[in-house]
Amino acid sequence: MDSVWLEVSLNVKAEELDQVSAQLIANGVPGLVVEEEEEFRAFLEENRQYWDYVDDELLERMKGVSRIKLYVTDDADGKQQLAGYLQGVNLPYTTVPLREYDWAHSWQKYYRPLAVGARLWIVPEWERDTVQLPEGAVRLLMNPGLTFGTGSHASTQLCLEGIQEVLRPGERMLDLGCGSGILAVAALCLGASHATGVDIDPKAVDVAYENAALNGIGRDQCRFLAGNVISDRSLVEELAQEKAGLVLANIVADVIIPLAPVVPRLLAEEGTFLCSGIIDTRADEVAAALKEAGLQVTRRREKNGWVALEAKVG
Ligand code: SAH
């Protein structure tokens, strides 16, 4: 396959970073990626709920350096452009050709068929014809695209286990913070009559519809919307009209706590609220917010420091 981009990396001492960036911009570079060890660590810390582990090699590479990356096309034009960009910048650099394919698919090698709970198997779309599943297994085909929700995170697994134990066939489900749609589509594969998913990230809507279609689920059975489940009141009003037997929210404590007061209005009679994405140290705080909202915690699940709480009105 043809290489299309050349990624050019310059290692810079932290104190020279501003000056080198300014020079590159003055030379006409349209965009830079700046990687600083400090910034990288802060980013990891802030997004901790999204990582299961961080590659030691990656941490090692980020030690003590700042790195500037820029991109040119991997052809004669690009190389000429690069010479212009680097004028007056006397630093060594390395180049790596990137293929569109690497760009979009590099994560695929980390994503394998995965059994979750008693019956469900998450199968990456590109392995649909090669995987043999045990008898009675429910297959969930997924293509996570660029949204969160591959099923490999402990908090997603707690939800998938919960769905298998709690969902009554034929009932509606609501998936708050749906990401790739994994929980909504799993619920539909496991017998829900209809699922609605909402995510603040508009990319999630298309990806979730695609994942539904991948599993043979049409738009008569599911609906995905972009919106903020805390601040968008009209959205919440609309969801409250639907009433779901199972409401899922795999988000984070800081979203679940302010969400709690509206949850009873989203639930059908005898319905269950399952919230996850909660770091164990904050589970009591979330349980207290649920109680305050008139919800009783009926079960607590835990995996690798993550907690999911099941609650009912009453
Ligand atoms: N349901 C998926 C993804 C969970 S990650 C799974 O279980 O794997 C949490 C998702 O919540 C992210 O996709 C994020 O964009 C979304 N989110 C965070 N805050 C939100 C809010 N206030 N309203 C709607 N979605 C939100």
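Q: Is Arg301 buried or exposed in this predicted model?
A: In this predicted model, the relative accessibility of Arg301 comes to 5%. A residue is called buried when its relative accessible area is under 20%, and therefore Arg301 counts as buried.

Q: Which strand holds Arg301, the residue that pairs with Glu165 of helix α6?
A: The side chains of Glu165 and Arg301 meet in a salt bridge, with a distance of 3.2 Å from N to O. This pair links distant parts of the chain, 136 residues apart, since Glu165 belongs to helix α6 (residues 154–166). Arg301, for its part, lies in strand β13 (residues 295–303).

Q: How far apart are the closest N and O atoms of Arg301 and Glu310?
A: Glu310 has a relative accessibility of 9% and so counts as buried, as does Arg301 at 5%. The two residues form a salt bridge, in which the closest N and O atoms are apart by 2.4 Å.

Q: Which residues are joined into one network with Glu310?
A: Arg301 forms a salt bridge with Glu310, and the side chain of Arg301 also meets that of Glu165 in a salt bridge. Salt bridges that share partners make one network, whose members beside Glu310 are Glu165, Arg299 and Arg301.

Definitions and conventions
Residues numbered from 1 in each chain as written. Predicted model: local features only at pLDDT ≥ 70, side-chain atom pairs only at ≥ 80, totals over all residues. Heavy atoms only, no water. Salt bridge = Lys/Arg side-chain N within 4 Å of Asp/Glu carboxyl O. Helix = DSSP H or I, 4+ residues; strand = E, 2+ residues; numbered from the N terminus. Buried < 20%, exposed > 50% of the residue type's maximum accessible area, 1.4 Å probe, protein only.
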